Each structure stands twice: as C-alpha cells, then as structure tokens.
Amino acid sequence: MKAHRRQPLYLAFLLHRLSGLGLALFLPLHFYILGTALAGAEAFDAALGWTEGPLIKVAEFGLVFLLAVHFFGGLRLLALENLPWSNRHKNYAAVAVAVAFFVACGFLLRAV
Amino acid sequence: MQGSSPIQVKVWRGDADGGDFAEYEVPQQSSQTVLDVVTWIQRHADASLSYRFACRVGMCGSCAMMVNGIPRWTCRTHVNKVKQDNRLIVEPLRNLPVIKDLVCDMSQFFEKWKRAEGQFGGDGSRQQPVAAISPAEPARRAANAAIECINCAICYAACDVVSWNPDYLGPAALNRAWSLQNDVRDRRHDERLQAVSADGGCLSCHSQQGCASFCPNELNPTASIAGLKKMATGSFMKKKYRQPHG
Amino acid sequence: MVELRLYLAQRISAAIMAPLVLVHLGVMIYAIQGGLSAEEILARTRGSLLWGGFYGLFVLAVAVHAAIGVRNILTEWLQLRGPLLNTVCWLFGLGLWAMGWRAVAAVVGFQ
C-alpha cells in the first residue's frame with residue numbers, strides 16, 4: 001500500500017467502501033434465496049439447506065461483520081458530517097471495528 | 001556524522017513526457033535535511049537537476065516534494081528521521097503535472113482555489129472603523145483555525161480523492177473557502193457556498209484525513225470540509241422548505 | 001447540482017436504515033440459533049404487515065443507498081462517467097429493488 005495511505009482513517013475509508021461493495025454484491029444472492037419461498041416452504045427449505053456447511057457459517061460470520069462494520073462506520077460518518085467536529089475519529093473508527101467484530105462473534109457463537 | 005556511510009538517493013528525473021529515477025550517492029552530514037541532499041546533488045553530482053525552494057526555514061512551502069512516498073517540506077525533513085537503510089526516494093509532488101524533475105506545475109492548484117471562490121470580498125472602506133470582531137467569537141475561532149494555509153499543496157498531493165476525481169477542488173481550496181465563510185466581513189458567502197456545493201466540491205470528500213495527517217501547519221481541511229458540508233446541505237434543505245408547494 | 005442530491009439521498013437512506021439494520025442484526029442473531037428453517041422464518045413473516053412494511057422500506061432504502069455507493073466506486077476507481085455510469089447505476093438500483101421486493105413478497109406471502 002502506498003506510504004501516504006498507511007494511516008488509520010484511510011483504512012477506515014477502505015473498510016467502509018469494501019464492506020459496502022461486499023454487501024452490495026451479496027444482496028442479489030440474498031434476495032434470490034429468500035425469493036425461493038415464492039415456490040413454497042419446501043423450496044425455501046431446500047435453498048436454506050445450501051447454507052448449512054461450516055464454510056458457509058464462516059462466510060455468514062464475515063457478512064455479519066461487513067454489515068455491522070459498515071453500520072457503525074456509517075454512524076461515525078453521519079456524526080462527522082452533521083454534528084460538531086471531533087478530533088477523536090481515529091478512536092471512533094477503532095471502536096466501530098471492535099464492536100462490529102464483537103457482534104459478528106455473537107452471531108457465530110449462536111450459529112455453531 | 002561525517003565519516004558515516006553515504007546515503008543512496010533515488011531522484012525522479014524527467015518532464016511532462018515521462019522520466020525515471022536516477023541514483024546518487026550523497027555524503028551524510030549532521031542535521032542534514034532532504035533539501036540539503038537535493039542541493040548537494042545539484043551542486044556536486046548533476047547540475048541539470050531542477051528543484052524549487054525559497055526560504056529553506058519552513059515558512060514558504062516552496063520545497064514540498066514526495067519523500068519516500070509522503071509529501072513533506074524537504075527543508076524541515078531531517079534525513080535521519082526518514083531514511084530507510086540509508087536510502088531515500090525523492091519525487092515531485094503527487095497529483096500535479098511535472099514541469100521538470102522535482103518541479104511541478106501548480107496552476108491547477110491555484111485554478112481550483114479561484115473556482116472555490118477563495119478570495120475575500122468585503123464592502124468596507126477606509127472611511128469606516130476597523131471591524132470589531134472578538135477572536136473568541138465562534139465564527140472567528142473557526143476562521144482562525146483554518147487560516148494559516150500557505151498553499152504548499154502537500155494536502156493536495158496527499159489527497160486520494162484529488163487523484164481519483166479531476167474535478168475535485170481539493171482540501172486547500174475548500175479549507176480557504178471555509179475560513180472565508182466564517183469571516184463576518186465577507187459579502188460573498190452565497191456565491192462561495194454555490195461554488196463549493198457544486199459537483200467536485202466539498203461533498204466529494206471521503207474524510208480520509210490524509211490532508212490533516214501531513215499538513216505541516218497542522219491544519220485540518222477535513223474538519224473545514226465537514227463544516228462546508230453542513231452549510232451546503234443546510235442551505236439546500238432550507239431552500240427546499242421555503243419553496244411554495246404547487 | 002446532481003452531486004448534492006445524490007449525497008443527500010445516500011445520507012438520508014442511511015439514516016432511515018440505521019434502526020432497520022439494528023433490528024435486522026438482532027433478528028439474525030436471534031434466529032440463527034438452531035439453524036435456519038423455512039418454517040421458523042415464514043412463521044414470523046407470513047401475512048405480517050409489520051414485517052412487510054419493515055422489509056419493504058429496507059429494500060427501497062438499500063437499493064438507493066447501494067446504487068449511489070456503487071456509483072462512487074465506479075467513477076472514482078474505474079473512471080466511468082456520463083451516460084454509461086448513469087445507466088449502470090440505474091440498472092443496478094432498479095434491479096436490486098425489484099429482486100428485493102420479490103423477496104419481501106415471497107416471505108410475506110403477497111403473491
């Protein structure tokens with residue numbers, strides 16, 4: 001990574017952009033699987049069956065993390081753009097990642 | 001320091017059509033700055049090297065260059081603090097076209113300053129008393145926090161939105177616009193707000209704070225731009241609500 | 001000022017989604033215990049005006065928000081501009097909204 005980018009708030013930006021992109025690319029798949037319910041509960045169950053393996057659980061952990069980190073990071077940005085300025089944004093960005101990870105772990109512990 | 005090993009310095013040589021790095025071996029000296037290194041190269045190794053400097057004491061901003069990928073005032077950058085294994089890489093500022101070697105063309109930087117309406121416009125005259133503005137007033141504090149910009153373009157070189165969006169006005173121009181929007185003597189607030197709310201204006205900033213990380217005067221253009229965002233969206237929403245319903 | 005309208009649409013859709021995302025994260029963490037089943041999910045959503053309204057709003061907001069986010073990526077990182085950029089983003093946004101509405105209809109049962 002270029003030297004001038006190796007600083008926390010650039011990484012926060014990158015994480016926000018890539019998590020958003022990841023979620024945007026995931027959503028069509030998500031909507032497709034939910035849409036199988038149009039053909040009835042059995043069809044929906046069959047589709048949900050694809051999501052049972054351990055690798056899928058790890059992927060779901062990743063997706064929950066992406067959603068949570070994009071959410072908490074987004075709150076930080078809404079605050080930055082609408083509330084009085086704070087010099088603590090490096091701290092807020094770190095907290096956002098930490099809480100998102102905690103939330104994703106909570107999901108994983110219940111998923112296994 | 002004399003007697004220690006020389007530093008290997010890669011310096012970008014070329015012009016608008018392209019170029020490449022040239023390598024020089026420069027003797028180390030105590031308290032040596034990167035500007036000292038570049039000057040030594042021109043005086044002892046290669047007189048054809050072009051570079052800019054003026055005050056050489058950290059007041060004018062003319063000597064700004066990329067040092068190991070980071071935009072810095074070379075007169076205030078000690079070699080000891082930035083060399084990696086006795087190596088240095090010196091390049092012209094990022095995001096600006098190159099004229100020759102380490103000299104870049106600052107025209108677009110100043111064009112964007114003008115496009116952001118970065119000029120003060122008052123309606124006072126010498127017949128009137130000096131404006132009585134307390135330095136403690138919130139608007140004056142905001143203006144003062146942003147006012148020490150000397151147009152060195154380090155923030156412009158650091159900004160990735162500048163490199164991704166050619167229309168983006170950039171941190172320095174927007175920071176100046178913010179300081180003027182907070183100047184109660186200025187009469188051009190409306191047209192300036194229009195200018196900075198347009199495409200390529202303050203709304204393009206992604207708050208990466210690269211500008212704030214590297215500004216040698218410790219300014220924070222991201223904070224200024226956040227203030228402009230509030231002004232721009234607030235003004236837009238007020239105008240929307242003031243419009244009669246049809 | 002196109003950029004200003006897109007900026008506001010993205011921030012407003014974000015603000016709308018803030019509580020929706022919190023609830024959705026909560027539902028996911030609640031529902032994943034013991035695995036996902038059609039019966040469990042549909043028992044919650046079938047015929048529910050509440051969930052229909054909730055996810056209906058969510059899907060509209062996310063289509064707007066994601067399309068504008070993708071627009072920033074396409075223009076800044078891939079240097080797309082003009083009609084091509086607008087077409088791609090409109091297609092993505094409308095496509096996402098359509099698929100989303102289909103998903104809502106599927107789990108709420110309005111065929």
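When neighbours within four places in sequence are set aside, Ala153(B) is in contact with Ala64(B), Leu93(B), Leu96(B), Met106(B), Phe109(B) and Ala172(B), two residues being in contact if their C-beta atoms, placed from the backbone, lie within 7 Å.

Residues are numbered from 1 along each chain as its sequence is written, and chains are lettered from A, with ligands numbered from 1, in the order in which they are written. Since the model is predicted, local features need pLDDT of at least 70 and side-chain atom pairs count only at pLDDT 80 or more, while totals for chains, interfaces and linings use all residues.

Chain B comprises 10 helices and 7 strands, and its C-alpha trace spans about 75 × 45 × 30 Å along the principal axes. Of the 246 residues of chain B, 43% count as buried, and residues 24 or more positions apart account for 65% of the contacts in chain B with a separation of 6 or more. The domain assignment divides chain B into domain 1 (7-104) and domain 2 (107-242), with bounds that come from an automatic or database domain assignment. The C-alpha centres of these two domains of chain B lie 30 Å apart, and their contact takes 12 residues from domain 1 of chain B and 14 residues from domain 2 of chain B. On the side of domain 1 of chain B that touches domain 2 of chain B, strand 3 (64-67) and strand 4 of chain B each supply at least two residues, and the largest share, 3 residues, comes from strand 4 of chain B. By class, that side of domain 1 of chain B divides into 8 nonpolar, 2 polar and 2 charged residues, with Ala, Val, Leu, Ile, Met, Phe, Trp, Tyr, Cys and Pro counted as nonpolar, Asp, Glu, Lys and Arg as charged, and the others, Gly among them, as polar. Elsewhere in chain B, Val57(B) is found in the loop between helix 1 (34-45) and strand 3 of chain B, and Val57(B) is exposed, with 9 other C-beta atoms within 10 Å.

The contact between chain B and chain A takes 15 residues from chain B and 12 residues from chain A. Strand 4 (70-73), helix 9 (210-214) and helix 10 (221-242) of chain B are the elements that give two or more residues to the side of chain B that touches chain A, and helix 10 of chain B provides the largest share, 4 residues. This side of chain B has 5 nonpolar, 8 polar and 2 charged residues.

Chain C has 4 helices and 0 strands, and its C-alpha trace spans about 45 × 25 × 25 Å along the principal axes. Buried residues make up 28% of the 111 residues in chain C. The contact of chain C with chain A takes 28 residues from chain C and 30 residues from chain A. Helix 1 (2-31), helix 2 (38-45), helix 3 (49-77) and helix 4 (82-108) of chain C each supply at least two residues of the side of chain C that touches chain A, and helix 1 of chain C gives the most, with 8 residues. The residues on that side of chain C divide into 20 nonpolar, 5 polar and 3 charged.

How values were computed:
A residue is buried if 20 or more other C-beta atoms lie within 10 Å of its own, exposed if 12 or fewer, and partly exposed in between; C-beta atoms are placed from the backbone.
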